[in-house]
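Thanks for making the time this morning.

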Amino acid sequence: MDRTDCARVAPLLEPYADGDLPEVLAAGVEAHLRECTHCARTVVELTAVYSSLAGWPTLTSADHTLIEARQEPLAAYYRACYPEAGGPAPAGAPRAPRKSPWGVLVDRLRPVPRFMLGALARGGKAAARAGWSFVRVQRTRNVVPAGRLAKPHTAPRSRSALPRRAWSLLARSAAIARRVTERGALALG
Amino acid sequence: MSVSEPVLPDRDLVLLCRDGAENAYRALLDRHYVYVLKLCWRMTGVRDEAMDLTQEVFTRLITSLPRLQPQPSLRPWLRRVALNLCLSALSARRRIGQAEVCVNGQDGDGEFGARDRVDQVAQAVMARERLSRVAAAMQSLSPVQRAVVILKAVDGLSHGHIARILDLPQGTVKSHLSRARTRLRHATSGGE
Ligand SMILES: [Zn+2]
């Protein structure tokens, strides 16, 4: 084989391996490759570089499991951004989402304080009617659980120390507190 | 689910996504998640980092839906976003001075230090796969060389196309590619 041929062909080997050469040039390179094992091997190696790169990395079944797990939070994020998600759009021109993800987030956060304020306000009114501040009612409920009041034997030890009227007032306020909490829970739920 | 059938082109899936069709989004994940993951993996050489970058790409897909120009294939957009994220992650890695595996690919000297680090990467994976040599050799390339060679080898893009994606002159793409390939060839054929 002719070394000057090798030098002439060398710059063409890479585009040849990629199939980028025009037919005339490719035919010339092929003619040389049939005679020159050195250049032929170079082409094989050049092709091998790309094919082995394309084959790396190989995913294991553990990788696939991880991939599936990783896709769930993405889907959840999608649902958060598109709360109306649930099915394909009706026929017709598709529309852009009404809200940016930030707007959606704000919208999702906003109802929570509103509900809580409502519950607080209702609880406060009921307690105020009974002559208790909301905070006080809540604290009373913690001291004397409403469920226990019907059973004297489970009453706290301090019971005998309380005057009878104070005790019944406590019982009433505890019942109110329970109602208020239930309503609050309903409103929040 | 008719939405997730593979007959719909990406363009339609993107339009459905905008209308709140979760299945369409999941269909896009089915189609492109592994592609993006492998791209990030090849770029960073680290699976877990690639996983995180992939999450970021698909999160950005959701936030970009309103602005996205529906194309027949979503892949060019995903590829561009993923590459940009990888390149900035790699340059951040370099800035912070973490175990840096991609060095001196640009000018080709400093071979010694590079080989040290390549060996570290290689040791971890050598026993497992025949392809580990490619993985290790990839880490001896500069991030841009890596991007160029991936786009050529895996995606089969033309020099002009690669130049546009990476915002480089075509000549630079060609020289990156040639240098990267030589290095990879020597690594994978056991040197010569
Ligand atoms: Zn020859």
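Please keep in mind that this is a predicted model. Across the interface of chain A and chain B, there are 14 residue pairs in polar contact, with both partners at pLDDT 80 or more. If you look at which parts of chain A take part, α1 (3–18), α3 (37–54) and α4 (61–81) each supply at least two residues of the side that touches chain B, and the largest share of that side, twelve residues, comes from α4(A).

Turning to charge pairs, the count between chain A and chain B is six salt bridges; one of them joins the side chains of B:Arg185 and A:Glu45, with an N to O distance of 2.8 Å.

How much area do chain A and chain B bury between them? The figure is about 4,500 Å², with 63% of it on carbon and sulfur atoms, and the contact takes 41 residues from chain A and 50 residues from chain B. Within what chain A buries against chain B, A:Trp56, A:Leu74 and A:Tyr78 supply 17% of the area, which is more than any other three residues.

Finally, the cysteines: the count over all chains comes to zero disulfides.

Technical notes:
Residues numbered from 1 in each chain as written. Chains lettered and ligands numbered in written order. Predicted model: local features only at pLDDT ≥ 70, side-chain atom pairs only at ≥ 80, totals over all residues. Heavy atoms only, no water. Disulfide = S-S within 2.5 Å. Contact = heavy atoms within 4.5 Å. Buried area = accessible area lost by both parts, 1.4 Å probe. Salt bridge = Lys/Arg side-chain N within 4 Å of Asp/Glu carboxyl O. Polar contact = N/O pair within 3.5 Å; in protein donor to acceptor, adjacent residues only side chain to side chain. Helix = DSSP H or I, 4+ residues; strand = E, 2+ residues; numbered from the N terminus.
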